[in-house]
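Q: I'm new to this one, could you walk me through it?

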Amino acid sequence: KPGEHKHPKEPSSLPCMHLAVVACGDRLEETLIMLKSAVLFSNRRLCFHIFAEDSLKPEFEKKLKEWPSSYTKKFEYNIYPITFSVGNAQEWRKLFKPCAAQRLFLPVILKDVDSLLYVDTDVLFLRPIDDIWHILKEFNSTQLAAMAPEHEIPKIGWYSRFARHPYYGTTGVNSGVMLMNLTRIRSTQFKNSMIPSGLTWEEMLYPLYQKYKNYITWGDQDLLNIIFYFNPECLYVFPCQWNYRPDHCMYGSNCKGAEEEGVSILHGNRGVYHDDKQPTFKALYEVIRDFPFEDNLFQSLYYPLQSKFLDTVHTLCGRIPQVFLKQIEKTMKKVYENRVIVYLGANHRY
């Protein structure tokens, strides 16, 4: 109507951002802390798709119910059993780590979901998911997934030195953080090394696995590398700060994006949250784990992090604390600004 103010859409009124994770074995705590980091910093509503062994389901439900309502209202969640729609379930289950291959079936299982961010359980968000979600808009007309390179330097990269199967680009890609347009994946015919014509995603998975199973080391990640080797135009490659791993700092710093912008998503692979090999990664994990939800972010998260980091400056990754702190600091400032603006707005009478 004339004279009415047009307000920008409230983040909560926008469609939710879909986040999927696959949790088996002893990954319950890690998964909950990943979800906690997502909820702490994100603006828009989140929809979690948790694929878990049956024994973990009641645990997830119990723990998520314990979160305060100011946080639980920011997300909804579904817990799914582990299922493989094609091929031999036992074989898929044993591929690399228990149930990791589940992520290959997300386009088939989540038929009503258009786009999705898949992450491994050992991932921590240091800024809003909204920021990586925007990358979907940057896809060109053929791109249907986005991942970061497995390595920045070919001569020390795993794929470039050891792989016995095709892989994407010069160093391969890492599938621990994977943004997917599922609608496009479901409707694409993929080029492959088995038949001259294209195959759908679901048709291709099992034959591809059968063909390369004796050559793959990293399970489903290797299969994704093979798929995008034959279909490079389908992949958007995002920079290393969106999937920052110990490899990026343990041999000296080799992720330029993180040096400039700070780490956006931390990926503590090789179990580094649980041993003492990479104290900086462990410090971030523990501070998010121990953060009491309703507390002040600076007081109970940022300051403890700074002091823990002081103990790690003698380590290779600890020499560059600003890389780990930059985004988290920026995100916290934004969270505060938003709260203050919302608070002032609520008390403002027109």
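What follows is a short chat about the sheet and some of the helices.

A: Gladly, and please keep in mind that this is a predicted model.

Q: Okay, in what order do the strands of the open sheet come?
A: The open sheet is formed by seven strands, which follow the order β3-β2-β1-β4-β7-β6-β8, and their pairing is mixed.

Q: And which strands stand at the edges?
A: Those are β3 (75-80) and β8 (235-237), and each has a single partner strand, so one side of each is left without a neighbour in the sheet. On average, neighbouring strands of this sheet are turned by 25 degrees against each other, with direction ignored.

Q: How many bridges join β1 to β2?
A: Strand β1 (residues 17-23) is joined to strand β2 (residues 46-52) by seven bridges, and the two run parallel; within this pair, His18 stands opposite Cys47 in β2.

Q: Which strands does helix α2 touch?
A: Helix α2 (residues 57-65) packs on the sheet and touches β1, β2 and β3, while its direction makes about 170 degrees with that of β3.

Q: Switching topic, is α12 mostly covered or mostly open?
A: Helix α12 is mostly covered, with nine of its twelve residues buried, among them Phe281, Leu284 and Tyr285. From its first C-alpha to its last, α12 reaches 16 Å, close to the 16 Å expected at 1.5 Å a residue.

Q: What caps the N-terminal end of α13?
A: That is Asn296, which has a side-chain oxygen 2.8 Å from the backbone nitrogen of Phe298. Phe298 is one of the buried residues of α13, which also include Leu301 and Phe309.

How values were computed: Residues numbered from 1 in each chain as written. Predicted model: local features only at pLDDT ≥ 70, side-chain atom pairs only at ≥ 80, totals over all residues. Heavy atoms only, no water. Helix = DSSP H or I, 4+ residues; strand = E, 2+ residues; numbered from the N terminus. Expected span 1.5 Å × (residues − 1). Buried < 20%, exposed > 50% of the residue type's maximum accessible area, 1.4 Å probe, protein only. Pairing = 2+ DSSP bridges. Axes fitted to C-alpha atoms, helices over the stretch in contact; angles between N-to-C directions. Contact = heavy atoms within 4.5 Å. Polar contact = N/O pair within 3.5 Å; in protein donor to acceptor, adjacent residues only side chain to side chain.
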